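I opened this model to go through a few helices, strands and backbone angles. My notes follow in the order I looked things up.

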Amino acid sequence: MLNNETFGRRGEAEAVPVEDSRRASVPHVIAWNLTRRCNLSCAHCYISAGPNAVTEGELDTDECLRITDEILAINPRPLFILSGGEPLLREDLPVIARHAVDGGATVTVGTNGTLLDDARIEALCAAGVTGVAVSVDSLRPHYHDRFRKGCGAHSATLAAIERLQQHRLDFVVQTTLTRGNRSELARLAEWSANVGAVAFNAYLIVATGRGERMGSLSPAQGEAVLAELVELHLQYLGQMMVRAKCAPQFMRLVHARTPQSPILNYATRCPCGVQYCRIAPDGKLTACPYLPLPAGDLRRESFADVWLNAPLLRQIRKGEVAGKCGRCGYREMCGGCRARAYAESGELLGPDPACAYQPNGNEPLVQREGVTRYGDETVATLRWTPEAEARISRIPSFVRGVVVQRVETLARSRGIEEVTVDLLAEMRRAMPVDFSKRAPFFAREKKT
């Protein structure tokens, strides 16, 4: 069993000095696999979830609530992504979500969508969930059903999206790209925008879990996919956010095509282990869902102790990537996927084998200067009305600094010396769309 003392190269232990820089690392986004149980057996599942998975060993409700409180003690405004397996199979999902929301977190749910009936959607809304990520891998029902190993899964998921529209609950469309559906990319993005998705996320496969048995796109094919995603990002900017996942080299292509794109506010380098982490069903904490190396065990250690002191996380934060990733001028903007590097070669900080880019080793470091990035804190320099201050205090910590900067920049351009809720509403229309589409910061107060 690997633990937080055995990483870097598989089976090779390494001592890592404590870094002062770790104090700057804040857990802004928590991905939480609540269960390995699932009603489907998807071909690519990174935790090999399915109908035969057992509940034994899963964190119980009280343990989940305790861990939630430990996270909120470090960051009172994180974003939680509650997923599985299929999280809707946990009857206590609304209880966990409500506890996190009441503590100050923004909570979203990742699901295959097939179980999202009206009662479950109403329960999520009542628990304060602000968005749902739904998986759609093809517009061809037979492909989606075969990929997800569930007859009728496609029609059930599309029916669920109609229900999400009716309940006015924001949703994201997630697509895992393979050779089998790569040609559908533009059509999937167009369909997602037409049905009202606030974001379209295209995932490139990492060879872990059942994904280890799948053939991934070649580096050249991946580069072509990412270039197309950049164009789709520009096409739908302001209507729907389009992003690549598990492919931080997307940022290199965005920077080359449109260096002022607001998506570059994401401080990617991949934030895994720095601003982002995953909790497994049994309480193990890892840097990301696709990296199986545990940094610690939240059943035996506090979240704070693991997050601040785990040698694995300190090593990732040290950030000295090797090979061509270490020589690349885009190493601060991209840095390669650490999970894929580990999955393919056993080198946690090795080069990302999916990247087609070949740096010459003499490139200057590419950075987007003078912007606040997601996760940064920015101190307000203008007056804010009490109502505006209340709104800004309720949004997730990872986006707050960016919003403050953008709102105050807009105010100064208008000669405005005080930020009001009306200015916040106007600012929202100029921002890329994501789960924040109707988040409390932007939404007007509901009438009672």
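**Helix 10**

I began with helix 10, residues 311-318, and found 7 of the 8 residues buried, so this helix is largely enclosed by the rest of the structure. I keep in mind that the model is predicted. I listed the buried residues as Pro 311, Leu 312, Leu 313, Arg 314, Gln 315, Ile 316 and Arg 317. After the helix comes Gly 319, and I read a positive phi there, near 75°.

Next I checked strand 3, residues 29-33, and found 5 of its 5 residues buried. I looked at which way the side chains go: Val 29, Ala 31 and Asn 33 point one way, Ile 30 and Trp 32 the other way.

I then looked up the neighbours of strand 3. Strand 4, residues 79-83, pairs with strand 3 in the parallel sense over 5 bridges. Here I found Trp 32 opposite Leu 82. I followed the chain from strand 3 through helix 1 (residues 61-74) to strand 4 and noted a right-handed β-α-β crossover. Strand 10, residues 276-279, also pairs with strand 3 in the parallel sense, over 4 bridges. In strand 10 I found Ile 279 opposite Trp 32.

**Ser 83**

I stayed in strand 4 to look at Ser 83. Is Ser 83 buried or exposed? I count Ser 83 as buried because its relative accessibility is 12%, and the cut-off for buried is under 20%. I found a polar contact of 3.1 Å between the side chains of Ser 83 and Asn 33. Leaving aside residues up to four places away in sequence, I listed Trp 32, Asn 33, Leu 34, Thr 35, Tyr 46 and Gly 110 as touching Ser 83.

**Backbone exceptions**

The bond joining Gly 84 and Gly 85 is cis, with omega about 15°. I placed Gly 85 in the loop between strand 4 and helix 2 (93-103).

Lys 149 is not a glycine, yet I read a positive phi of about 55°. I placed Lys 149 in the loop between helix 4 (141-148) and helix 5 (153-167).

Cys 246 also has a positive phi, near 60°. I found Cys 246 in the loop between strand 9 (241-245) and helix 8 (250-257). I count Cys 246 as buried because its relative accessibility is 17%.

Notes: Residues numbered from 1 in each chain as written. Predicted model: local features only at pLDDT ≥ 70, side-chain atom pairs only at ≥ 80, totals over all residues. Heavy atoms only, no water. Buried < 20%, exposed > 50% of the residue type's maximum accessible area, 1.4 Å probe, protein only. Helix = DSSP H or I, 4+ residues; strand = E, 2+ residues; numbered from the N terminus. Pairing = 2+ DSSP bridges. Right-handed = clockwise from strand over helix to strand, strands pointing away. Polar contact = N/O pair within 3.5 Å; in protein donor to acceptor, adjacent residues only side chain to side chain. Contact = heavy atoms within 4.5 Å.
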